[in-house]
Amino acid sequence: MEFPSKLLERAVAEMSQLPGIGKRTALRLVLHLLKQPPERTVYLSEALSDMRDKLRYCSECHNISDNEICEICADGRRDRSLICVVEDIRDVMAIENTGQYRGLYHVLGGKISPIDGIGPSQLTISALVERVKNGTVMELIFALSPTMEGDTTNFYIYRQLGDTGISTSAIARGISVGDELEYADEVTLGRSILQRVPFENSLRGN
Ligand SMILES: [Zn+2]
């Protein structure tokens, strides 16, 4: 693609670094911005750089947060005896949207996947085990996607809990294998949390 301007070329090159944005789409977006009042571009770039600079991860649950502690962990009305274990923040958003869950979360940051070189130490598993040992938690709800990596991760955590005496459950598998939580509809996802089963049962089913 030939550009009449180096400035335009650079903007298109940066924009097309984003997933799903090819050079043509990038050019369309950049030209669109050029036609808008200049402040639109300022707001966009400020929003992006503020997000990148200021966004933090909750020191308790590792959810994305504007503060040291996220809004969910800071909310005194949440049930502190429950922790729902999820892969990433999109799962927190999906479960929150169901309005069916009033406990806390723990965001692992991924799943154990030897093929992708992801081991337990790259995830927030040890922090989760510490939370269970030190806190008021009575039940851990595994809500990872029902894939081999999800199952491996659940089982690893289950083993790490050892003799903590905490009960563990897995969300009901109304969601078909291979579906990610974020794509499940709210009713199905809400129901699968309410109808969770003891984790030991899910082991026997495998
Ligand atoms: Zn939190």
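Of the 17 residues of helix α3, the number buried is 0, so α3 lies largely in the open. "Buried" here takes 20 or more other C-beta atoms within 10 Å of a residue's own, "exposed" takes 12 or fewer, and "partly exposed" is in between, with C-beta atoms placed from the backbone. Keep in mind that this is a predicted model: local features need pLDDT of at least 70, side-chain atom pairs count only at pLDDT 80 or more, and totals for chains, interfaces and linings use all residues. Residues are numbered from 1 along each chain as its sequence is written. Helices (H or I, at least four residues) and strands (E, at least two) are DSSP runs, numbered from the N terminus.

**Helices α3 and α7**

- Helix α3 covers residues 38-54, and its end C-alpha atoms sit 24 Å apart, in agreement with the 24 Å that 17 residues should span at 1.5 Å a residue. The expected span is 1.5 Å times one less than the number of residues.
- Helix α7 (residues 148-161) has 14 residues and reaches 20 Å from first C-alpha to last, close to the 20 Å expected.
- Which residues of α7 are buried? They are Gly-150, Thr-153, Asn-154 and Ile-157. These cover an arc of only 100° around the axis, which puts them on the same side of α7; the arc is that of the directions from the helix axis to the C-beta atoms.
- As background, an α-helix has 3.6 residues a turn, so residues three or four places apart point the same way.
- The face of α7 turned away from the buried side carries the exposed residues Met-148 and Arg-159.
- Asp-151 is also in α7, and it counts as partly exposed because it has 19 C-beta neighbours inside 10 Å. Its C-alpha is 18 Å from that of Ser-126, 25 residues away in sequence.
- Just after α7 comes Gly-162, with a positive phi of about 45°.

**Sheet and core**

- An open sheet of 5 strands runs in the order β4-β3-β5-β6-β7, with mixed pairing. Strands pair if DSSP finds at least two bridges between them.
- The edge strands are β4 (103-107) and β7 (197-198), each pairing on one side only.
- Strand β6 (residues 167-170) is antiparallel to β7 and joined to it by 2 bridges; Ser-169 has Pro-198 as its bridge partner in β7.
- The largest nonpolar core has 32 residues, and those with the most contacts inside it are Cys-84, Val-85, Val-86, Tyr-105, Phe-142 and Ala-143. Such a core is a set of buried Ala, Val, Leu, Ile, Met, Phe, Trp, Tyr and Cys residues joined through C-beta atoms within 7 Å.
- Two or more residues of this core come from each of β3 (79-86), α5 (89-98), β4, α6 (125-134) and β5 (139-142).

**His-62 and the annotated region**

- His-62 is in the loop between β1 (56-57) and β2 (64-65), and its phi is near 70°, a positive value in a residue other than glycine.
- His-62 counts as buried because it has 22 C-beta neighbours inside 10 Å.
- An unreviewed UniProt entry lists residues 58-73 as "zinc finger region: C4-type"; annotations of this sort may be inferred rather than shown by experiment.
- Over residues 58-73 the chain is 19% helix and 12% strand, with end C-alpha atoms 8 Å apart.
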